[in-house]
Amino acid sequence: MRTLLITGPGGSGRTTVAAATALAAALSGVRTLVLSADRTDSLGAVLGTATGATPVQVREGLTAWRPDATAGFRDDLAAFQERAANVLDLLGASRLDAEEVTPLPGAEELTLLRALRDAALSERHELLVVDLPPTPQALALLALPEELRRYLRRLLPPERQAARALRPMLGRLAGVPMPSEWLYETAARWDTELAAVEAVVTDRNTVLRLVTEPGPAGADAVRSAGLALALRGLRPDVLVANRVLPEQAHDTWLAGLAAQQRKALEEWQETHDVRPVRHLGHDPRGTDDLAALTVPGVDDDATSAVEWSIADRLADDGVSRVFVWHIPLPGAIRDELDLIRRGDELVVTAGQFRRIVPLPSALRRCTVAGAALREGELCIRFAPDPDLWPQTR
């Protein structure tokens, strides 16, 4: 199954483009599911069909789903209270009833990730179109599975978990109680679920698409999103320029706005595959309006994954060996870049964005020998550590 993630700055019309893309795919005979996690039913307003916790068929071949974050959060909390019953009773804690539970901030994002995983694994559809939140929240959402898995590994390292039979004895020897079995089981279950979500996001059949209006604000949003995505090893397959005015705009005010749009489009076409979507003159509502939008389809060969390649070559002295890790970071500024080596991890900061990435196995046995930013690509040099690298005659 192909997965299409669609995001853009707030007010860019990303939900409309997501719905139109899903409709176009369904009209071409592709079984399509469009997924959204907005608390308000903006997706249903665009489609002309109310959406909710139960998937609804908009037309033949097109299903819409807006999972309920409140119900999901309530179920998770009930499961947690059941598993931690002994601890809660020991502490004299009063349990929460389902009627008094309201979702905490971030519940919509977690619900969307779980729905994304479930939809991808169901194999009921050929195309999954996901209406992500606005770009800043969407970028944090895409990073969440990887970051949460890293936290779990640091807090409960799998390789340091003692065997079940040894934990009581170790607890007596150490004089402190060992973590309960349910804690390890919960951490393992969370890690499995997060791994499944991360696999969908990073799969080569998953494509990410940016939607924005051409103009100064849109240009800033595209530049910022491009750098943040590159730091995660992603790039948009196409850039959808939404609500493009006609070339022959005779009104003075519209002519100035159209000229501003043309300038942004010309700049984007130098670095992106730009697909303009014309302005209908009104807000699209219903499948007839959506069908009138010329949105781009999903290419079977398209991918958003960007390879961070490693080159093995000789150093400048012509004798020493050096590895160069090539990390594409279009739009990065040298003065806003920062690198920190922490054990087997590398902390990369580009402007306001940061990512902690595990080093490939070969580079873990090396020391950082330098770095440079050239034409939008960060090149990090690693020299083999003589104490860790096999010696050859």
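These are legends for a set of close-up views of one predicted model.

**Before the views: how to read the numbers.** Residues are numbered from 1 along each chain as its sequence is written, and side-chain values use heavy atoms, with hydrogens and water left out. Since this is a predicted model, local features need pLDDT of at least 70 and side-chain atom pairs count only at pLDDT 80 or more, while totals for chains, interfaces and linings use all residues.

**View 1. The whole chain, for orientation.** The protein chain has twelve helices and 15 strands; helices (H or I, at least four residues) and strands (E, at least two) are DSSP runs, numbered from the N terminus. Of its 393 residues, 44% count as buried. Buried means under 20% relative accessible area, exposed means over 50%, and partly exposed is in between (1.4 Å probe, protein chains only). Take the contacts between residues at least 6 apart in sequence: 67% of them join residues at least 24 apart. Contact here means heavy atoms within 4.5 Å.

View 2. A search of the whole structure turns up two aromatic pairs. Trp-308 and Trp-325 make an edge-to-face pair, with 5.8 Å from centre to centre and 70° between the planes. For the cut-offs, rings of Phe, Tyr and Trp (its six-membered ring) pair if their centres lie within 6.5 Å; planes under 30 degrees apart count as stacked, over 60 as edge-to-face and the rest as tilted. Trp-308 sits in the loop between helix 11 (287-292) and strand 9 (310-314), and Trp-325 in strand 10 (residues 321-328), so to speak 17 residues down the chain. Both Trp-308 and Trp-325 are buried. Look for Phe-382 as well: ring pairs link it with Trp-308 and Trp-325 into a cluster.

View 3. Four strands make an open sheet in the order 9-10-15-14, with antiparallel pairing. Two strands count as paired if DSSP finds at least two bridges between them. Strand 9 and strand 14 (366-374) are the edge strands, each pairing on one side only. Neighbouring strands of this sheet are turned by 25° against each other on average, direction ignored; axes are lines fitted to C-alpha atoms, for helices over the stretch in contact, and angles run from 0 to 180 degrees between N-to-C directions. Strand 9 and strand 10 run antiparallel and are joined by five bridges. Ile-310 stands opposite Trp-325 in strand 10.

**View 4. Inside the largest nonpolar core.** In soluble globular proteins, nonpolar side chains tend to be buried together. The largest nonpolar core here has 48 residues, and Leu-35, Val-130, Trp-325, Leu-329, Leu-378 and Phe-382 have the most contacts inside it. Helix 5 (residues 107-122) gives the largest share of this core, six residues. A nonpolar core is a set of buried Ala, Val, Leu, Ile, Met, Phe, Trp, Tyr and Cys residues joined through side-chain atoms within 4.5 Å. Leaving aside neighbours within four places in sequence, Val-130 is in contact with Thr-3, Leu-4, Leu-5, Ile-6, Leu-35, Leu-112 and Leu-116. There is also a second, separate core of 29 residues, which includes Val-17, Val-46, Val-240 and Ala-302.

**View 5. Salt bridges.** The structure holds 16 salt bridges, each a side-chain nitrogen of Lys or Arg within 4 Å of a carboxyl oxygen of Asp or Glu. In one of them Glu-126 pairs with Arg-31, their closest N and O atoms being 3.6 Å apart. Glu-126 lies in the loop between helix 5 and strand 5 (127-131) and Arg-31 in the loop between helix 1 (14-27) and strand 2 (32-36), so this pair ties together parts that are 95 residues apart in sequence. Glu-126 is partly exposed at 36% relative accessibility, and Arg-31 is partly exposed at 41%. Elsewhere, Arg-321 and Asp-312 meet at 2.6 Å, N to O. Arg-321 is partly exposed at 39%, as is Asp-312 at 44%. Salt bridges with shared partners also join Arg-117, Asp-118 and Glu-193 into one network.

**View 6. Thr-303 and its surroundings.** Thr-303 is found in the loop between helix 11 and strand 9. Thr-303 is buried, with a relative accessible area of 18%. Not counting residues up to four places away in sequence, Thr-303 touches Arg-204, Val-207 and Arg-235. Thr-202 is 101 residues from Thr-303 in sequence, with 9.9 Å between their C-alpha atoms.
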